[in-house]
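Hi everyone, thanks for coming. I'd like to walk you through one model today, chain by chain. Have a look at it first.

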Amino acid sequence: MLENIKYYTSVALYYFKLSLQKQFEYPAMIISCVFMIPMMYGTGILLLYFMVHNFQPLGGWSFPQLAFLFGIGYLSHGLMMVFSVQNWWIESYVLRGEFDRMLLRPISVFFQFTVTYINFIGLVDVMVGLTIFLYSCKLINFVWSLHNIITIALVIIGGVLIRSSIFTIFCSVAFWTKRSESLFLLLNDMMERTTQYPMTIYPYFVQFILTFIVPIAFISFYPACEILGKDGRIVFPLGISVYTPIIGIVMFILAIMFFNLGLKKYESAGS
Amino acid sequence: MAFLEVENLVKEFIVTKKKEGLRGAVSSLFHPEKFKVRAVDDISFNIEQGEIVGFIGPNGAGKSTTVKMMTGILHPTMGSVKINGISPHKNRKAIVGKLGVVFGQRTQLYWDLRLGETFELLKRIYRIDDKMYKDNIKMLDEVLNITEIIDTPVRQLSLGQRMRGDLAAAMLHSPTMLFLDEPTIGLDIEAKHSIRNFIKQINERCGTTVILTTHDLGDVEQLCKRLIVINHGKIVEDGPLNSIIERMAPHRYLVVELASPHQNLFHPYAEVVKTETLRVWFKFDKSRIAATELISDLSKTYPIRDVSVKEPDIEDMIREIYKKPVIS
Amino acid sequence: MQVEFNNEAKGYVVMRAYCYLAKMKLLVFLSYRFEVFTSLGTNLIVVLANIYLWKAAYKGIDSVAGVRETQMLTYTIMSTLLASFFSVNIEHELQERITHGDIAIDFFRPISILLKYLAEDIGIAISSVLSKLLPLLVIMTVFVQPPVPDSPMAFVLFLLSAVFSFLILWLISALISLLCFWVLQLGEMKTVKDGIVLLLSGKIIPLWLFPKKIQRIIEFLPFQYVYQTPLSIYIGKVQPEQAAVPMLIQFVWIFLFTVLLSFGWSRARKRVLVQGG
């Protein structure tokens with residue numbers, strides 16, 4: 001057992017090292033993202049600020065609360081971009097026969113797929129998210145108790161798992177249809193719009209779907225509701241935040257299963 | 001038990017037919033027309049450890065599909081593949097660590113980094129210990145001159161060097177079986193020569209079984225003691241190269257150089273296939289008449305200054321094989 | 001023997017040619033339907049999210065800065081429609097050709113390559129009216145509200161202003177692509193420009209919500225004249241009588257950028273012909 005963990009860790013670490021080296025070959029990309037990403041998300045938060053400032057709290061959420069929601073959602077987005085951006089490329093891997101190469105190696109294909117690319121540019125997203133989050137914590141006078149820190153950590157991890165799983169499941173469709181790249185962008189936009197703003201501004205059926213069918217609302221909305229003490233329109237027993245990591249793990253297992261199902265289809269249909 | 005056993009292997013694909021024109025495009029949206037294609041149609045063969053086997057066949061014959069099934073990347077529709085008793089697509093991880101695969105047109109090397117980086121990665125993935133790694137690098141250096149290029153970024157390597165890199169990468173974990181898919185494609189003579197040399201050497205030194213798909217008949221001539229010809233998804237020929245040549249092209253050529261021009265040379269057991277002013281090409285069946293006999297017969301009748309005997313062209317032979325109708 | 005085409009026959013031939021072109025376009029559309037639908041979906045999601053945000057903002061409030069809720073919703077819908085119309089290809093094309101060195105040939109062509117790109121981009125813009133703008137418009141009208149202009153005059157002025165905006169945006173993109181001649185590894189300059197446009201053009205955040213001091217500064221930049229100007233005319237925040245000034249400024253920016261572009265282009269040309277690509 002220990003042998004296995006050492007094995008997988010050493011392989012993963014080496015893949016990370018190669019990813020890093022590969023990305024530093026193209027510095028222009030990094031530089032432009034360092035400028036572009038903060039601007040994009042800065043616009044988002046600025047819009048919220050101007051709206052609240054000129055109008056009123058949105059759906060009953062004051063700006064500090066909105067910023068908190070935004071920040072906590074954006075942190076899991078950033079980490080997702082670091083670790084699972086390769087879901088975007090499943091389509092191109094299928095078409096180029098990359099999975100053939102992975103199938104020829106004596107190690108789980110899903111594992112190879114997960115560690116083959118660590119997107120260091122995603123760290124820009126993480127930095128921006130962290131800044132917004134910490135700033136909002138100051139605004140709402142967040143109490144940094146041990147309980148709260150653990151809650152936040154679990155919510156973030158759960159959020160990352162939920163996000164990655166959704167992308168993996170939808171983009172794995174490429175194993176059947178050979179198309180899924182543009183789906184990634186669509187999903188990304190959808191997830192952004194529904195984790196940056198309170199669910200309560202959307203119609204009820206939207207919240208219903210995003211709670212019980214595709215559990216996006218658990219990424220940031222419900223945890224923020226619980227921490228900030230706001231009414232989430234749909235109420236759950238127990239503390240809501242505890243659901244996020246659990247759902248995250250369940251979703252991740254579903255994603256692996258679906259991915260492997262797609263791989264089987266790929267193995268019988270060829271490329 | 002043979003090392004690699006392929007039994008009644010069948011692969012069917014479902015292909016959607018795209019119809020023509022606007023009406024066709026719309027109807028394909030709702031009622032796509034599908035039909036089955038048998039890319040591999042009931043083939044069987046065995047390969048023993050240590051053999052070098054050539055797989056040839058026209059494009060679309062089913063070669064790569066067969067190879068993919070042998071390596072476990074593709075699931076057969078029917079039939080079985082067993083390597084050392086284990087089915088590669090059922091027990092992927094058990095088998096794959098002992099196989100080496102090189103695709104001629106796609107590389108497994110990291111494009112932007114030094115060749116050595118890919119080797120280090122493979123060392124970890126295949127759990128190659130330090131000693132084996134060192135020994136293998138040394139051996140690969142002797143056979144492929146690998147240390148010359150190990151520090152160069154892969155994108156700066158020439159095609160021949162990149163192929164050497166891919167071969168080394170495939171051999172790093174000491175596989176017992178090597179699958180090479182068009183390894184000499186696009187290479188110059190020098191490079192082809194060193195690749196063929198490499199294959200011969202690792203087969204001799206390490207006993208590696210080599211399965212080689214190729215369109216290059218030089219590869220076939222120099223490397224393959226055994227040849228499997230696939231056409232329309234079926235095996236058309238399977239056997240030692242020499243006996244196939246004997247059977248398919250049992251003739252030889254005799255080139256006769258005359259002392260003075262002569263017209264209408266004739267011999268009952270030989271056919272004139274080409275004439276120039278002072279030279280005549282004869283084609284004869286070596287089972288009907290020996291070369292020496294033919295030469296002595298002709299020299300009795302005609303003023304012959306010089307002769308040479310030529311073996312049949314493998315290319316002609318292969319073309320003949322491809323033309324043969326495939327019996328279902 | 002002389003064969004004479006009468007006008008009817010000519011017309012028939014031309015008609016067939018256009019029908020064939022249209023059929024081709026449709027075939028291509030059908031084969032790329034997946035991408036088209038997902039891009040439509042993306043636009044829809046973005047605009048709907050903004051609509052709900054504004055509804056939440058305006059709940060119980062009548063108007064802010066003289067703008068009522070229906071006007072703001074119209075603004076948001078029209079902003080997305082404009083964005084789908086403003087797709088520009090020149091930056092990709094030009095950057096590609098510069099990095100691959102093909103650009104040298106272009107300098108020898110009789111027709112200015114810039115005009116060719118402009119024509120292409122206008123073509124793309126017009127075709128995206130059909131493929132992107134119309135479907136969005138229909139969906140928005142049915143599910144949210146029809147984006148009615150403030151007055152017929154406002155609509156006419158809006159159209160003119162939108163054309164100016166297109167040109168300004170196109171010129172900015174062309175100028176940025178020009179930088180490729182000097183800075184080869186431009187990376188994703190386009191996205192940085194997009195980011196700035198996003199923030200300062202009124203595309204997402206109407207500029208009248210910014211603090212007064214910042215508004216002053218933004219007025220000196222060209223970005224506000226890309227989205228804010230046509231959109232404010234459309235919803236009536238800027239009445240037709242007041243529209244002359246911002247539209248004139250649009251025109252000034254077009255003039256400025258054109259001069260800059262031709263200057264930069266001839267400099268680039270000299271550089272290429274001297275250095276050899």
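**Three chains, one by one**

Let's begin with chain A, whose elements from the N terminus on run α-α-α-α-α-α-α-α-α-α-α-α-α. That is 13 helices and zero strands, where helices (H or I, at least four residues) and strands (E, at least two) are DSSP runs, numbered from the N terminus. The radius of gyration of chain A is 20 Å, close to the 18 Å that the globule rule gives for 271 residues, so chain A is as compact as a globular protein of that length. For that, the radius is taken over C-alpha atoms, and the rule is 2.2 Å times the number of residues to the power 0.38.

Before I go on, please keep in mind that this is a predicted model: local features need pLDDT of at least 70, side-chain atom pairs count only at pLDDT 80 or more, and totals for chains, interfaces and linings use all residues. Residues are numbered from 1 along each chain as its sequence is written, while chains are lettered from A and ligands numbered from 1 in the order in which they are written.

Back to chain A: its C-alpha trace spans about 60 × 40 × 40 Å along the principal axes. Of its 271 residues, 44% count as buried, meaning that 20 or more other C-beta atoms, placed from the backbone, lie within 10 Å of the residue's own.

Now, chain B. Here we have domain 1 (4–245) and domain 2 (250–311), with bounds from an automatic or database domain assignment. Their C-alpha centres lie 44 Å apart.

Which strands make up the open sheet of four in chain B? The order is β11-β12-β10-β13, with antiparallel pairing; two strands pair if DSSP finds at least two bridges between them. At the edges, each pairing on one side only, are β11 (270–275) and β13 (304–310) of chain B. Neighbouring strands of this sheet are turned by 25° against each other on average, direction ignored.

Seven bridges join β10 (residues 251–258) of chain B to β12 (residues 279–285) of chain B, and H251(B) stands opposite D285(B) in β12(B).

Finally, chain C has eleven helices and two strands. Of the 277 residues of chain C, 33% count as buried.

Thanks, and I'm happy to take questions!

Definitions and conventions:
A residue is buried if 20 or more other C-beta atoms lie within 10 Å of its own, exposed if 12 or fewer, and partly exposed in between; C-beta atoms are placed from the backbone. Axes are lines fitted to C-alpha atoms, for helices over the stretch in contact, and angles run from 0 to 180 degrees between N-to-C directions.
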